[in-house]
Amino acid sequence: MSIDWITVSAQIINFLILVWLLKRFLYRPVMQAMDRREQHIFEQLDDAQAREQKANEKMQYYLEKMNELARTRDEILAKTQEKAEQQKRQLLDEARLEVAKVREHWQNQVRLEKEELLDNLRHQVSNAVQGIARKALGDLANADLEEQIVHSFIGRLVSLDKESRALMLGSSDDSAEPARISSAFELDSGARSRLTRAIHEHLIDGIDVKYSKSPELLCGIALTVGEGQLSWNLADYLEQLNQHIENVLVSTTSPEKL
Amino acid sequence: MTISPDDIVFWRWGLFSLNATIVFTWIVMILLTLISWLVMRRLSTGTKISRWQNLLEVLVSGIRDQIREVGHQKPDKYLPFIGTLFLFIAVANILNMIPGYMAPTGSLSTTTALAICVFAAVPLYGIAYEGPFNYLRHYIKPTILMLPFNIIGEISRTIALAVRLYGNIMSGTVIVAILLSLTPYFFPVVMQLLGLLTGMIQAYIFAILAMVYIAAATSAHTESTYKKY
């Protein structure tokens with residue numbers, strides 16, 4: 001256990017050299033590297049923080065925007081719904097109106113057609129009945145239809161009840177007009193004289209009688225004295241038939257059944 | 001039996017003799033410098049670093065943390081001195097397991113040299129920190145009567161530092177040598193392992209004590225100033 005002072009001094013120098021060497025090659029570069037890395041990490045952290053803040057701000061912004069969008073969407077939706085409802089109502093009203101119009105038009109048409117049909121029918125039936133009656137009367141009693149009509153009219157004139165007669169007479173006194181016989185067909189002179197005689201005998205004696213032809217009477221004769229009237233007319237029968245047909249038509253073509 | 005590497009002389013020139021202590025010290029120095037240079041040559045400042053760089057960074061930052069803990073001061077100023085003490089003693093002791101190698105720390109000359117360095121560093125750091133007048137005033141505190149005792153304490157702790165390291169390392173070598181002659185196979189291996197442990201512990205103790213002495217010289221009023229860091 002001895003101390004070699006020369007070795008000691010050499011070792012001191014060696015140690016100091018080693019301190020310098022390690023400072024030069026180890027401590028300084030390591031410290032610098034670590035500092036730089038630390039700084040780098042700090043920078044990155046700062047950067048990350050800044051980015052996070054930015055991202056948060058952006059998120060907030062978009063959230064607000066999203067809420068706003070949702071709000072606007074709801075508003076638009078509500079408005080649109082209201083508008084659609086309004087339009088629906090309007091369209092329904094229009095459709096109803098249209099339907100009512102169409103129905104009215106259709107009903108008018110039906111009515112017109114019915115009237116036309118009835119009119120046609122009436123004429124045809126009247127003609128047919130007239131023909132049939134004429135033929136039947138001719139065949140059965142060898143009688144003329146017009147003759148029979150005149151006969152029937154005189155019969156009616158004869159069998160007039162008192163009230164009707166008084167009514168006709170009353171109107172004749174007031175006006176002092178001639179009695180008018182209108183018929184659907186031309187009356188021959190025999191018939192005319194029979195009629196004039198019957199009027200003179202059973203209604204008003206000596207009254208002037210005028211004859212005229214009116215086709216709308218449909219095979220019949222009408223006597224007009226002042227405002228009183230007496231007639232025998234096939235149209236009356238036809239009117240009954242017409243009424244009957246009309247009733248049948250109404251019951252089969254009523255809108256409820258269509 | 002050769003106890004001290006000082007006794008192995010390779011070359012002599014006048015009073016100077018190139019003995020094993022100096023040669024092995026050079027080897028340790030070259031090894032440390034070479035490793036540092038090789039690793040630091042490809043230094044990375046990014047987050048991806050090589051294993052060797054990572055090892056050196058852990059080592060350096062560990063030493064810094066220890067200095068900070070012991071000295072309660074900013075470690076950068078003391079790092080070269082304390083760090084080199086630790087690294088030199090540690091590497092010199094670890095290499096002891098290589099056959100034919102003799103740790104320079106097993107020589108009292110080396111440990112004395114290191115202790116003298118600490119002995120010189122303590123007042124130097126103290127004066128650098130507080131100025132010469134303030135520093136020297138510590139020797140006459142609390143009274144001037146304490147001056148001789150303070151000086152004796154300073155010297156004795158330096159000697160203790162030197163002898164502790166020398167004794168531990170030398171004894172390890174001696175114990176291995178003795179056991180080799182008694183039980184040649186198993187025990188020397190265990191003792192070598194133990195030697196590695198004591199070698200590391202001694203390096204740690206030497207460096208820490210050096211730091212404690214320096215801190216004592218500079219920390220008369222550092223408690224308040226340290227809080228700045």
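At 52% relative accessibility, Arg73(A) counts as exposed, where exposed means over 50% relative accessible area, buried under 20% and partly exposed in between, with a 1.4 Å probe and protein chains only. The model is a predicted one, in which local features need pLDDT of at least 70, side-chain atom pairs count only at pLDDT 80 or more, and totals for chains, interfaces and linings use all residues. Residues are numbered from 1 along each chain as its sequence is written, chains are lettered from A and ligands numbered from 1 in the order in which they are written, and side-chain values use heavy atoms, with hydrogens and water left out.

Arg73(A) has a partner in Asp74(A): their side chains meet in a salt bridge, at 3.5 Å from N to O. The term stands for a side-chain nitrogen of Lys or Arg within 4 Å of a carboxyl oxygen of Asp or Glu. Asp74(A) is partly exposed, at 42% relative accessible area. Across all chains, a search of the whole structure turns up ten salt bridges.

Helices here are DSSP runs of H or I with at least four residues, strands are runs of E with at least two, and both are numbered from the N terminus. One of these pairs is Asp47(A) with Arg51(A), whose closest N and O atoms are 3.2 Å apart. Asp47(A) is partly exposed, with 38% relative accessible area, and Arg51(A) counts as exposed at 58%. The other pair is Lys88(A) and Glu85(A), bridged at 3.8 Å from N to O. Both lie in α1 of chain A, three residues apart, again about one turn. Lys88(A) is partly exposed at 46% relative accessible area, and Glu85(A) is partly exposed too, at 38%.

As for chain A overall, it holds five helices and four strands. Read from the N terminus, the order of its elements is α-α-α-β-α-β-β-β-α. Of its 258 residues, 27% count as buried.

Turning to chain B, helix α2 runs over residues 51-71, 21 residues in total. From first C-alpha to last it reaches 30 Å, close to the 30 Å expected at 1.5 Å a residue; the expected span is 1.5 Å times one less than the number of residues. Its buried residues are Gln53(B), Leu56(B), Glu57(B), Val60(B), Ile63(B), Arg64(B), Ile67(B) and Gly71(B). They cover an arc of only 130° around the axis, so they end up on the same side of α2(B). The arc is taken over the directions from the helix axis to the C-beta atoms. On the face turned away from this buried side sit the exposed residues Arg51(B), Val58(B) and Glu69(B).

Arg64(B), a residue of α2 in chain B, is buried at 15% relative accessible area. Its side chain makes a polar contact with the side chain of Asp76(B), at 2.9 Å. Such a contact is a pair of N or O atoms within 3.5 Å; within protein, one must be able to donate a hydrogen and the other to accept it, and residues adjacent in sequence count only if both atoms are side-chain atoms.

Elsewhere on the surface of chain B, a nonpolar patch is formed by Phe119(B), Ile140(B), Ile144(B), Leu145(B), Leu147(B), Ile151(B), Ile155(B), Ile159(B) and Val163(B), with about 770 Å² of accessible area together. Patches are built from residues with over 30% relative accessible area and no salt bridge, joining like charges within 9 Å and nonpolar side chains (Val, Leu, Ile, Met, Phe, Trp, Tyr) within 5 Å. The areas come from the Shrake-Rupley method with a 1.4 Å probe, and for residues only the protein chains shown count as cover. Helix α6 (residues 147-182) of chain B supplies the largest share of the patch, five residues. Leu147(B) lies in this helix and is partly exposed, at 31% relative accessible area.

Finally, Tyr129(B) belongs to helix α4 (residues 108-130) of chain B and is partly exposed at 28% relative accessible area. Between Tyr129(B) and Leu179(B) there are 50 residues in sequence and 49 Å in space, C-alpha to C-alpha.
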